[in-house]
Amino acid sequence: MAAHRKPRQRSLSGNTARTAATIALAGAATATGFDGTSHAEPQLTPTQVKTKVDKLYQEAEVATEKYDGAKEKADAAEKQLNTLRDEAARRTEKLNSARDSLGYVAAAQYRSGGIDPAVQLMLSSNPERYLDGAEFADRVGHRQTTAVELVRQQLREIEQLRGAAHIELTSLKSRQAELGKQKKTINGKLDQARRLLSGLTPQQRAQVGDRTTGGTGRASRSSTTARGALPAPRSSAATADAPNSRAAAAVSYAYQKLGSPYVWGATGPNAFDCSGLVQAAYSSAGVSLPRTTYAQINAGQRVSRSELRPGDLVFFYSGISHVGIYVGDGQMIHAPNPTAPVRLAPIDEMPFAGATRVV
């Protein structure tokens with residue numbers, strides 16, 4: 001039987017050793033790449049950056065409209081809560097006055113000693129005066145009963161007010177939590193967009209349409225997008241073509257605000273988000289509009305794209321998350337996003353979702 005021998009170990013040297021080392025290093029590099037410790041992000045082109053930034057801003061605007069809606073409800077809840085608390089305080093003051101009155105009656109009864117009426121009549125030196133006094137006391141007793149019932153009713157009303165205030169307080173806290181959630185979402189989206197834009201050169205930033213300057217968010221009043229090659233409608237022409245004086249006043253206000261910075265949640269007079277600009281413009285014309293795009297689209301009569309007149313509200317995206325004020329010639333005035341101030345732009349630069357004529 002042949003003996004089994006342990007194979008002799010062969011040493012690595014020369015090219016073989018170098019090859020093995022290369023393989024080992026390659027494996028280590030691959031492993032490092034898989035665990036993410038030194039994996040480099042691929043360099044994005046300006047076009048890719050623009051696509052990502054536009055998506056982030058659109059998502060931020062969706063969150064902004066939710067924030068605006070939650071803030072509107074939170075403000076209403078806080079106002080109602082304060083009203084309930086004020087009313088409860090007034091009722092409590094009246095209750096204390098009623099209690100004081102009852103205390104005076106109780107003290108008078110105590111001082112009379114609670115003597116039997118027949119005995120008091122016998123002891124009285126002036127029976128006629130006593131009988132008059134007894135009749136008065138009966139009337140006082142009736143008023144006392146009424147006062148007691150009034151106190152009980154006031155107590156019930158105060159408890160109801162306190163219960164309603166507790167409900168409003170719970171609602172307010174819920175709205176405030178929603179505000180915090182949407183604020184966090186908005187800031188996260190904006191931070192991501194800023195990081196993407198910061199990796200571009202100034203020329204590339206201009207190429208993707210980032211018009212912010214020195215962080216102010218302001219730009220020329222004649223700013224339009226690269227696609228906005230149409231002649232800008234004049235304010236006088238736009239207001240003349242408006243269907244009525246209030247729509248004309250809203251258009252005029254929007255023209256006056258060209259160049260104002262975009263600030264999410266803002267309703268003017270110096271900064272706006274998209275629905276905030278629309279609300280402020282119509283408020284200047286004496287027309288009250290809801291705060292959010294979702295509600296504004298239902299605030300008037302729907303009109304088709306072919307029927308648009310200056311002053312009509314134009315809405316974009318399937319979720320109705322953006323709005324502008326139509327000014328004629330296929331253009332609108334809107335507050336786009338933090339990269340650009342209030343400006344003129346063609347309505348075909350975003351997915352058109354519908355239009356409303358407010359007045």
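**Close-up 1. Aromatic pairs in the predicted model.** A search of the whole structure finds 3 aromatic pairs, where rings of Phe, Tyr and Trp (its six-membered ring) pair if their centres lie within 6.5 Å, and planes under 30 degrees apart count as stacked, over 60 as edge-to-face and the rest as tilted. One of them joins tyrosine 67 and tryptophan 264, whose ring centres are 4.8 Å apart and whose planes stand at 90 degrees, so the pair is edge-to-face. Because tyrosine 67 lies in helix α2 and tryptophan 264 in the loop between α7 (245-256) and α8 (274-284), this pair ties together parts that are 197 residues apart in sequence; helices (H or I, at least four residues) and strands (E, at least two) are DSSP runs, numbered from the N terminus. Both tyrosine 67 and tryptophan 264 are buried, that is, under 20% relative accessible area, with exposed meaning over 50% and partly exposed in between (1.4 Å probe, protein chains only). This is a predicted model, in which local features need pLDDT of at least 70 and side-chain atom pairs count only at pLDDT 80 or more, while totals for chains, interfaces and linings use all residues. Residues are numbered from 1 along each chain as its sequence is written, and side-chain values use heavy atoms, with hydrogens and water left out.

Close-up 2. Aspartate 68 is placed in helix α2 (residues 46-112) and, at 2% relative accessibility, counts as buried. Leaving aside neighbours within four places in sequence, aspartate 68 is in contact (heavy atoms within 4.5 Å) with Gly265, Asp273, Ser275, Arg291 and Thr292.

Close-up 3. 6 strands form an open sheet in the order β1-β6-β2-β3-β4-β5, with antiparallel pairing; two strands pair if DSSP finds at least two bridges between them. Since β1 (301-303) and β5 (343-346) stand at the edges, each with a single partner strand, one side of each is left without a neighbour in the sheet. Strand β2 (residues 313-316) and strand β3 (residues 322-328) pair in the antiparallel sense over 4 bridges, and the bridge partner of phenylalanine 316 in β3 is histidine 322.

**Close-up 4. Helices packed on the sheet.** Helix α7 packs on the sheet, touching β3, β4 (331-334) and β5, and its direction makes about 105 degrees with that of β3. Helix α8 also packs on the sheet, touching β2, β3 and β4, with its direction at about 50 degrees to that of β3. Here axes are lines fitted to C-alpha atoms, for helices over the stretch in contact, and angles run from 0 to 180 degrees between N-to-C directions.
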